Amino acid sequence: MRDYFIVLRQQIRQRLGLSLIRANFKKGARARTTMIAVAVAVAAVSVLGMLYTGEFFLSRFMAEQKMSYVTLFVGLALTLLTTFVSGTALLLSVLYFSRDSEALAVLPVRPSTVFAAKTTVAYLGEIGVSALIILPLLAFVGVFERCGVGYYVKSLVVWLTITTLPLTLSALASLPLMRFTALWKHRDIVAVVGGLLLVALFILGETYLSSRLAVTLEENPAQIVMLLFGNTKLFETIAKAIPPLYFALSALTLSNAQSWLNLLALICVSLALLAVTLYISRKLYRQGAMSQLETHKSAHRSRKGGRISARSPILAVAMKDLKILFRTPVYALNTLAVIIMLPILMLVPMASQSMMTDPDIQGIMNVLGGLSDTFTLALIYGGIAALFSGLNSAISTAVSREGKQFFWVKVLPVPYSTQIYAKLLSNSVFSAATIIMCVIIAAVSIHLSAAIIALGTLLAIVLCIAISTIQLTIDAIRPKLTWSNPTEAIKQNANTLYGMLAAAVLLIALGGIAYLLLHLNMRGFVVFIEIFLLSAIAAVSSLIWMKKAARKAFYRIEA
Amino acid sequence: MLVIKNIAKTYAKSNKPAVDSLSMNIRAGELYGFIGPNGAGKTTTIKMMTGILSPDSGDVLIGGQKINGTQAEQIAAKRLIGYVPDAQDAYDRLTGLEYLNFMADMYRVSEDDRTRAIPKYTELFGIADALRDPVRSYSRGMKQKLTITGALLHNPKLFILDEPMVGLDPHSAHQLKLIMRERVNSGGTVFFSTHVLDVAERLCDRIGIINQGKLIAEGTLEEINDARLNASLDKSIKAEKRTLSGATLEQIFLELTEQNEEAE
Ligand SMILES: Nc1ncnc2c1ncn2[C@@H]1O[C@H](COP(=O)(O)OP(=O)(O)O)[C@@H](O)[C@H]1O
Ligand SMILES: [Mg+2]
């Protein structure tokens, strides 16, 4: 037990202390850093503000209708789904892809203790995320339902226990997965693909649940109103499929003895899940974690590993970056996930019949259909494709990922501008993949016309150049080079956030201009041309800016 | 070949200069040993020579080109250098051969030249068989040998090595010494830092001793020894010390670096 707390404290220090605080306030709070931080905070506050406003009105309305059960169902289900996805990624990186596995393996501590400490770190992260979502909602319901102290106590227990379900499920799924990758030769690839599958599986589960909900809706043709004022039985039935959710809901809504019994059941289920996970970890964790450290050596020397061949410096840098990216599981997982998740997120709900009859989706489709103008639709399509590409953290961490090797950038006799353009070039692989994915979705699933797709793709390409260039420049100006573990370079890197923010700002600005122009009754064709030209100007000027900024930054950075 | 004019460097996080008004002039065809205790400023000096750090003041000229000058000058200077860093830092997700190809690409080494140079050095160091394995799977010494090979592919005019003997087995250390000699014999220049004194003593044409960021002695072993004896005479240090006229580098080194500490 003492070991557990020692390892846990070390893990928490390593996660919190190193990444955020040091990166942001290295040489005193610089004005620019502070400004960006404020912008991020404003964005976060406004998103949360929107969420909480929604929660407030939902819980008040539902309380008036004596339907708080539904409010709680929605809140808890949302919490479960969010922690499923974010928790799985976090857990995988903490357990298997962190470089301290080796150091910890040397210590006289049992692997299951290390596993427990690391899982606790993931758990703390999950209750942190879920607190943001669920605690205000629980409080609103408590206020509007005029609940006593008992309710709030139960709420706290529910908050602390409910996330053990997604957590243990991801742990249970990853333990055998990582154990078996040890049996393969190319275990890096297997680990990446397996990790992606795992996340995909959870998203599929989420989609399945929501489509079940939609099917049930369909069978009740009296539609939403009927549902809302009808019975809570429907939600109870769904909740029963997930016992911990059912126990939690019962604990919060039933009276007295019954509710406490359910709370007890919830606690017992959580503890049982934890116990089972811990037990299995004894058998499977050590080999799984250690196997990620070993490196595969090829038996057939003549084939793998390349041969002597010359390339131009720009290609050499780009290829080197791509090789390292694809061979480092955390990098591959994070950059490929965005591309691969995209169609899964969009195709599955689109394909399932029930979703197409969903009134919300219908509404969106009608709006889109109303915009019959090819050029307007191409604008929207191009913007969305560029946004998806902007969500990828491959380019916004390209310089940071050099880490301790950054000094080569300065030693090698290749101009800094060539080296930064090479990074832009290697990233084009990801932009291209995202754009192609979007084309497939648009053609197969949404049935957009060829003209829209062609024009939109053209716009998306120009926008992608602008966005990638800006994101890369941000990383070049203040890269995070002092990391000991690749997870820190790509996941705990503020530049990812700033990069996404910059992409969002650019797209919102262009979108706003387009909206204004369209409202001035300008023709879609003219607006498209104007936006396209503006994007091209943004791309060219950001390229010029990057060249200057990178040259200055690389000269200044002393690593 | 390598001219260092009055360079100084103070790290951002410290108030004491790591290198202080240091000047050196290393001639073409010279094998120069740069020695000093831990933390003396050897790595800092070398990083300024290779362009990794910019000096707070002063200049570094490589073959007449300023390493911290205009972009064209920087590139021309860097092209002349082959650099072996102190930590065996190669890109560890690449295979050995991929790493060597990468370095050769950056220095624009032709395919013919690298087909000749890669087997030559890797076989000499006994890492030819491991070239298709990821660098991650290499031992410390193997990584060192790989970075040495990578630095030699373009046949650099100026070969700069930071503590190159650390981690090498006796056989490979011997091979490296031969390579360094051979480069000098064929007109190249070699500059390396070390704290292994007998290597410096036996191998170098000239030696520079650095302590606390300052060059405290420079020249051939005899020159340094003479200077020391003269200094001792001036200060009328005890007569018995005069008997150390044929002192080893170790004795001189210990004496000089200790004196300097007393002076602090
Ligand atoms: N990145 C750094 N930040 C602050 N001080 C440093 C840094 N690197 C080295 N130093 C300091 O500079 C001095 C010289 O270090 P270094 O050049 O590495 O010595 P050597 O290579 O001779 O052992 C030492 O006092 C060391 O503590
Ligand atoms: Mg050193």
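This is a predicted model: local features need pLDDT of at least 70, side-chain atom pairs count only at pLDDT 80 or more; totals for chains, interfaces and linings use all residues.

Trainee: Which elements of chain B give two or more residues to the side that touches chain A?

Mentor: Those elements are α2 (71-80), α3 (96-106) and α4 (111-125) of chain B, and the one that gives the most is α3(B), with 8 residues. By residue class, the side of chain B that touches chain A divides into 17 nonpolar, 10 polar and 14 charged residues.

Trainee: And what area do chain B and chain A bury between them?

Mentor: They bury about 4200 Å², with 56% of it on carbon and sulfur atoms, and the contact draws 41 residues from chain B and 44 residues from chain A.

Trainee: Which residue of chain B does A:K323 meet in a salt bridge?

Mentor: A:K323 meets B:E98, side chain to side chain, at 3.6 Å from N to O. This pair crosses between chains, running from helix α13 (residues 313-327) of chain A, where A:K323 sits, to helix α3 of chain B, where B:E98 sits.

Trainee: Is B:E98 buried or exposed?

Mentor: B:E98 counts as buried, because its relative accessibility is 11% and the cut-off for buried is under 20%.

Trainee: Switching to pairs inside chain B, what does B:E163 form a salt bridge with?

Mentor: Its partner is B:K42, and the closest N and O atoms of the two are 3.9 Å apart. B:K42 is buried, with a relative accessible area of 4%, and B:E163 counts as buried at 12% relative accessibility.

Trainee: Which residue does B:K145 pair with, then?

Mentor: B:K145 and B:D169 meet through their side chains in a salt bridge, at 3.4 Å from N to O. The pair links distant parts of the chain, 24 residues apart, with B:K145 in helix α5 (residues 140-152) of chain B and B:D169 in the loop between β7 and α6 of chain B. B:K145 counts as buried at 8% relative accessibility, whereas B:D169, at 33%, counts as partly exposed.

Trainee: What about B:R183, where is that found?

Mentor: B:R183 is found in helix α6 (residues 170-185) of chain B. This arginine is buried yet has no salt bridge, and the nearest side chain of opposite charge, B:E182, is 4.7 Å away.

Trainee: So what does the side chain of B:R183 reach?

Mentor: The side chain of B:R183 reaches the backbone oxygen of B:P156 at 3.2 Å. Leaving aside neighbours within four places in sequence, the residues in contact with B:R183 include B:Y121, B:L152, B:F159 and B:V190.

Trainee: Over to chain A: how many helices and strands are there?

Mentor: Chain A has 24 helices and 0 strands, and 48% of its 559 residues count as buried. Among its contacts between residues at least 6 apart in sequence, 83% join residues at least 24 apart.

Trainee: Where does A:I453 lie in chain A?

Mentor: A:I453 lies in helix α21 (residues 450-477) of chain A and counts as buried, at 10% relative accessibility. Apart from neighbours within four places in sequence, A:I453 is in contact with A:Y381, A:V439, A:A442, A:A443 and A:L448.

Trainee: Last one, which residues of chain A are linked in a network of salt bridges?

Mentor: A:K320, A:D321, A:E402 and A:K423 are linked in such a network, and a search of the whole structure finds 20 salt bridges over all chains.

How values were computed
Residues are numbered from 1 along each chain as its sequence is written. Chains are lettered from A and ligands numbered from 1 in the order in which they are written. Side-chain values use heavy atoms; hydrogens and water are left out. Contact means heavy atoms within 4.5 Å. Buried area is the accessible area (1.4 Å probe) that two parts lose on being put together, summed over both. Helices (H or I, at least four residues) and strands (E, at least two) are DSSP runs, numbered from the N terminus. Ala, Val, Leu, Ile, Met, Phe, Trp, Tyr, Cys and Pro count as nonpolar, Asp, Glu, Lys and Arg as charged, and the others, Gly among them, as polar. Buried means under 20% relative accessible area, exposed over 50%, partly exposed in between (1.4 Å probe, protein chains only). Lys and Arg count as positive and Asp and Glu as negative; His and the chain ends are not counted. A salt bridge is a side-chain nitrogen of Lys or Arg within 4 Å of a carboxyl oxygen of Asp or Glu. A polar contact is a pair of N or O atoms within 3.5 Å; within protein, one must be able to donate a hydrogen and the other to accept it, and residues adjacent in sequence count only if both atoms are side-chain atoms.
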